[in-house]
Each structure stands twice: as C-alpha cells, then as structure tokens.
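Let's take a look at some charged side chains and at a strand with its neighbours. Have the sequence and the 3D view open while you read.

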Amino acid sequence: MAATARPAPLPLPPPLLRSPLLPRFTQYNSSDDPPRGLRGARRLTLPTSPARRRARSLSLHLCCRLSDPASSDPDPLRVAFACGGAGGHVYAAIALADELHASLPSSASLFLGAPPPSLESDAAASAPYPFAPIPRCLPRAVLDAALHLRRFRPHVLVATGGAPALPACLAALLLGVPFVIQDQDAGPAPATRLLAPLARRIFLGFNAPVRLLPKRKCAVYGNPVRMSIRKCRISKADAMASFFPRIGTVGEEGVEVLLVLGGTEGSPEINVALLNMYYEMLRERRNRYIIWQTGPEGFCEMESLVRSHRRLLLTPFLHELDKAYAAADVVVSRAGSMSCTEVLVTGKPSILIPLPTMVDDHQTKNAYIMADVMGAKVITEDELDSSSLRSIIDEVFGDEKLMSDMSQKALSAARPNASTDIIRHICSLVGSSCTT
C-alpha cells in the first residue's frame, strides 16, 4: 500500500532584527478533576519509539490545525502559562492564550499565578482559562506548581515573567516539561538570565537583551498585544461617546483627547502632577478632553481632590482600554513594556515617564528606545512636575507634523502579529522538542 503523503509543516516566521477587559479565569486546584475536555488525555512521555511516533503525529497535527481550525481534535494541545506581578506579564500571557485558542479552538490552557491578593487573582472574574494559585514561598511554590502541572499534563509551559514564573519553570524542569520564556523589556529580567540556559526558546520584545542571553535560543518577535487592542476598529467619535455620553455626538475634527495611564497600579507622581494643572488646562483649551486612569489605590484620594468637569473622565482602571486608545490623540504613560508595545501598535504619539525604581531600571531603557524608534517624549521622574508635564503636552498637541511623524514611526516599528508568530513557533517547537 502506498504511503499517505503528509502535509509539509508550516514555516516559522522570520525573527525580527530590529526594535519594534481582562479575560476570565476559573479556579483550578490540583485536587480537582481536570477541566472538561482534558479527561483521559495522555501525558507526553520520554522519547521512546512509540513516543517519537506520537510526537511526529502531534507536530503534524498542530500544523494541520493551524491551517484548518475546524478539523476534529482527539488530543488537544495543552499549554500552561506562568505570569504575575506587573500587568505587562499578565497581559502578555493573556494575549498569547487568546491567540492560541483563536488558532486552535480545542486547545486547553492553564494559568499559574500568585494567590489573592494579586493582579492574576483579580483577573479571575473575567477570563475563560483555569487558574491555579502558587504560594509566594519558593520551596512550596515549586511543589504546588509541580502538582498543578502534573495533573494538567501540558505539552509546554510559557513563562511571561513575574514571581510565579521562576517556581513554575523549576517545576517544569523536575517533570521534564519543556518551557519557553517571553521577556517583554529592553533589559532581560534576572529570572530570564537564570533560566535562559535551560529554556527551549526565549522570545524577546527588543533586540537589546540578545547580547546578554544565549543567542541561538533567542527570537525577537516583539511583544504580544491583546486582540481587543490590536484589532479595534471603532472610530474616535464612537469611542469618545462611550466615555463622555452626556456630550452627545462629538466630531473628530479639532477635538484633542489626552489619555493618562499610570500603569496597572497607577502612579502617584503622575496623579499629583496632573492634579495641579488639569483644571487650568481644560479651562484654557476648550477642545481638550482627558481620560485619566488613576490606579485603584489612588482613586479615592484623587476623586476627593479633583473638581468635576464635563470634559474629564476619572477612573481607577480602564476595562475598555481598546476604546481609550481609539479615542486618544496623545498618551501620557509609564514606560512599562506592554504600555510601550500598545503605543506602537495603536500608533499614538506618547509622553513617557519611566519609573526608576523598577528592576534594572528597565522602564528607563524602554523609554529611550521608544524615543529612538518613534520620537516619544521622555520626562524623568526628577523632571516631572505640573509645569513640565503641561509644557510637553501643549508642545505635542501644538505640532501636527510632530504628531503625524510619531504616529507613522510607531506604526512602522510595531509588530502587531507578534502573538501569531510566537504561537506558531511554540507549536512547531512542541513537535520538534519531543523527538530530540
């Protein structure tokens, strides 16, 4: 009988050689039954001869599934994600999980993160992925992560950073589960440097960290961005109407919208600087609107100090960040990796204020890379006050050519398909990793 011709695997996307609301978690404990659809699933074994055949079948199956998502899937791909701490780590994992399930609808994901109170646990109310808590004590964290992974039986672990990533990767090593790292910043995190020799692949958002990591394992694809942001097609007028409904229909012509972001937790320094000049700015610029995310901890204080204004929206957190970017003309933000990536993908002129106390001062590195790539304005925290912030905001809004140049450079440097490229690489890697 003639052998059945197998379809050729899909090629990997070439690595980039230049710099570039929350979904729902459900609780999943190691003592519980596996999520529906995973019962009876076989665990990936060491590469004996039958395992080699299963691995080849899985690799072929993944390639076929990426080109034909409607086909049946008897053995779904299982991917565990370890993330926590900063919003950039969590949202990068969410973006990858969303892309995975868009490409392979029958695949299964498990999120590993810190127990409450944490950003990951707060996200548990709105994402469709099972969630397993990992304690903060390292020895116990490794043990618990190993128990969760052993029960879930992932084909691969994806670590996107934060405290839970290290114990999860150590647990994966103990169980023989391959893991990959996605590092978002211009300087690699200490955990990335520690785990790099043991990782199957390291996906980077910028070129700069390559010199500090094993080059043969690095692939620079840019940072993954949530689908809701990169695929948002809402007009500026419609986006504004969702934030300022009492104003009625607002035309786009001549209206200036300032979006102020202080990171997931907010920024007291940015809040104070804006507090001291926002009312005067709105009084003098009658066509200007402000969408101001204070952060959960600073909201009550700011709400008590800020005078109500019909062209000001004050909120602790923006659950519809895609609409906020669609409405905005200029963004004032911290220089976290995900904020920088979202600015590039949306093509928004930006004023970045890096937080100097972050590990390795990576936000400052991010900010100055953004200045080189798209001409973003940078204000250091030592320079930040109401006068300097107001001056640069007026400077950017007052120069249409500057805004246009910033926007075009941002869009040309962006990598909107980073999530797709990374997931395709991971799928190909899973098959090859089982046969080596």
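## Ground rules

A residue is called buried when its relative accessible area is under 20%, exposed when that area is over 50%, and partly exposed in between. Keep in mind that this is a predicted model.

Side chains of opposite charge can pair when their charged atoms come close. There are 16 salt bridges in this structure. One of them links Glu-284 to Arg-390, with 2.7 Å from N to O. Glu-284 belongs to helix α10 (residues 278-284) and Arg-390 to helix α15 (residues 386-397), so this contact ties together parts that are 106 residues apart in sequence.

How exposed are the two ends? Arg-390 has 11% relative accessibility, so it counts as buried, while Glu-284, at 42%, counts as partly exposed.

Arg-390 also forms a salt bridge with Asp-394, and here the closest N and O atoms are again listed as 2.7 Å apart. This one stays inside helix α15: the two residues are 4 apart, about one turn of the helix. Both Asp-394 and Arg-390 are buried.

## A pair in helix α16

Over in helix α16 (residues 400-413), Lys-401 and Asp-405 sit 4 residues apart, which puts about one helical turn between them. Their side chains meet in a salt bridge, at 3.0 Å from N to O. On the accessibility side, Lys-401 is exposed, with a relative accessible area of 59%, and Asp-405 is partly exposed at 28%.

What does β9 pair with? Strand β10 (residues 288-293) is one partner, joined in the parallel sense over 5 bridges. Strand β12 (residues 330-333) also runs parallel to β9, and 3 bridges join the two.

Definitions and conventions. Residues numbered from 1 in each chain as written. Predicted model: local features only at pLDDT ≥ 70, side-chain atom pairs only at ≥ 80, totals over all residues. Heavy atoms only, no water. Salt bridge = Lys/Arg side-chain N within 4 Å of Asp/Glu carboxyl O. Buried < 20%, exposed > 50% of the residue type's maximum accessible area, 1.4 Å probe, protein only. Pairing = 2+ DSSP bridges.
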